[in-house]
Amino acid sequence: MTDAETNSKIDAETGIEAETDIEATDATDGDDRVPIADPELSADATQRVRSVLESGALADGPEVRAFEREFATFCGTDHAVATSNGTTALVTALEALGLEEDDAVVTSPFSFVASANAIRLAGGTPVFADIDTETYTLDPADVERVVQERDDVVGLLPVHLYGLPADMPALCDLADAHDLFVLEDACQAHGAKCNGKRAGSFGDAACFSFYPTKNMTTGEGGVVTTDRDDVAERAAQYVNHGRGETGTGDYDHVELGHNHRMTSVEAAIGRTQLERLSTFNEARREHAAAYDEAFTELPLETPTEPPRYRHVYHQYTIRAADRDALAASLEDQNIGTGIYYETPIHRQPAYETISAAAATFPEAERAADRVLSIPVHPNVSADDRRTVIEAVRNHYDQQ
Ligand SMILES: Cc1ncc(COP(=O)(O)O)c(C=O)c1O
């Protein structure tokens, strides 16, 4: 089975085998299908994994330390602490930032549920603020409203959705003014920039996911980046059962912790992916520019890249009034699509008791009704791109 075939069966976000619903329409086999996600692994990755296997050091070890150093350098941060996935990275960072029982953290209702789940798993309370219409990321004005209304907010957890950083200058100013920490959810934004700075280097800490559909992968995996020595030290302890130095022996556990460690095999894959990340992101940006141009005359909205931002198009997400019809029509034409996210987090059944019953976030809800992602990954060929563009045009020509 080729990579394309394998991945044509997985949902781009969850990795769960897709049914025939329009949330993840890659269930159809077929050579001419353009899947919504298709991870690209090189011969180098196979080579480096083989040498890890031959070394016998499969769990934590020098390969993980090397990956951490290289990822921190890439982000421009002093430290990186590798984890088992993006969710555990978020929980680890929140623990390292000192989140306490019932502390409130403001985040986006328009994200993968992990952004808010991590706050709950670390013992805190997720509180939502609405998103900006154009960027789909936290609206600083609405965050300010929430922070003014409550006295239990200790931090902000902005999400760089689809590969576009949130408004970090405004959110960091707001956090400074109210003495809050900032934890970036950069799980979808490897290599993205704002004002020349990379996602992952703005807040007190940031987290990335290396799930197979992300801009770079380690299989499963994640990382916490930070400039703060104290956060890096606590994160490194937390992922390893709170193991630390007291000078009395090898098994000193100075804090309660977990096993959220990355494996050496994952780190080996990550090192080769990091070498190729810029090329991957260039390909995504090239596809996005071609789609932007091709769709100008059509009745849909293309993604925004505000001045001084560098979008890395984890997803190329359009907004259309007839979203479901468009998705069905693309499916008929063998194009994989995804809806990220059809149900905002505050409307999820698991959040019934968490979100204020009457809470409404009109922009998040409008986005959930209209967004549709189309294939933008590096394995989309020039031919595939033409096929996608034709398929979208066909849909509107037939109306
Ligand atoms: C915005 C966001 N946050 C957190 C996560 C969690 O990452 P992981 O799936 O690696 O646990 C994801 C991954 O899908 C994500 O997209």
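Colleague: What makes E7-E6-E10 an open sheet?

Modeller: Three strands lie in that order with antiparallel pairing, and the edge strands, E7 (197-198) and E10 (309-310), each pair on one side only. Strands here are DSSP runs of E with at least two residues, and helices are runs of H or I with at least four, both numbered from the N terminus. This is a predicted model, where local features need pLDDT of at least 70 and side-chain atom pairs count only at pLDDT 80 or more, while totals for chains, interfaces and linings use all residues. Residues are numbered from 1 along each chain as its sequence is written.

Colleague: How do you know that strand E6 pairs with E10?

Modeller: Two strands pair if DSSP finds at least two bridges between them. Two bridges join E6 (residues 193-194) to E10, so the pair meets that cut-off. The two strands run antiparallel, and Cys194 stands opposite Tyr309 in E10. In general, strands of a sheet pair through backbone hydrogen bonds.

Colleague: What makes domain 1 and domain 2 separate entries, and how many residues are in contact?

Modeller: The bounds come from an automatic or database domain assignment, which gives domain 1 (3-38 + 277-397) and domain 2 (43-271). Their centres, taken over C-alpha atoms, are 24 Å apart. In contact are 35 residues of domain 1 and 33 residues of domain 2, where contact means C-beta atoms, placed from the backbone, within 7 Å. On the domain 1 side, H11 gives the most, with five residues.

Colleague: Which residues come nearest to the ligand?

Modeller: Of the 15 residues around the ligand, they are Gly86, Thr87, Ala114, Cys187 and Ser209. A residue is near a molecule if its C-beta atom, placed from the backbone, lies within 6 Å of it. Helix H4 (86-96) and helix H5 (114-121) are the elements giving two or more residues to this shell.

Methods
Two residues are in contact if their C-beta atoms, placed from the backbone, lie within 7 Å.
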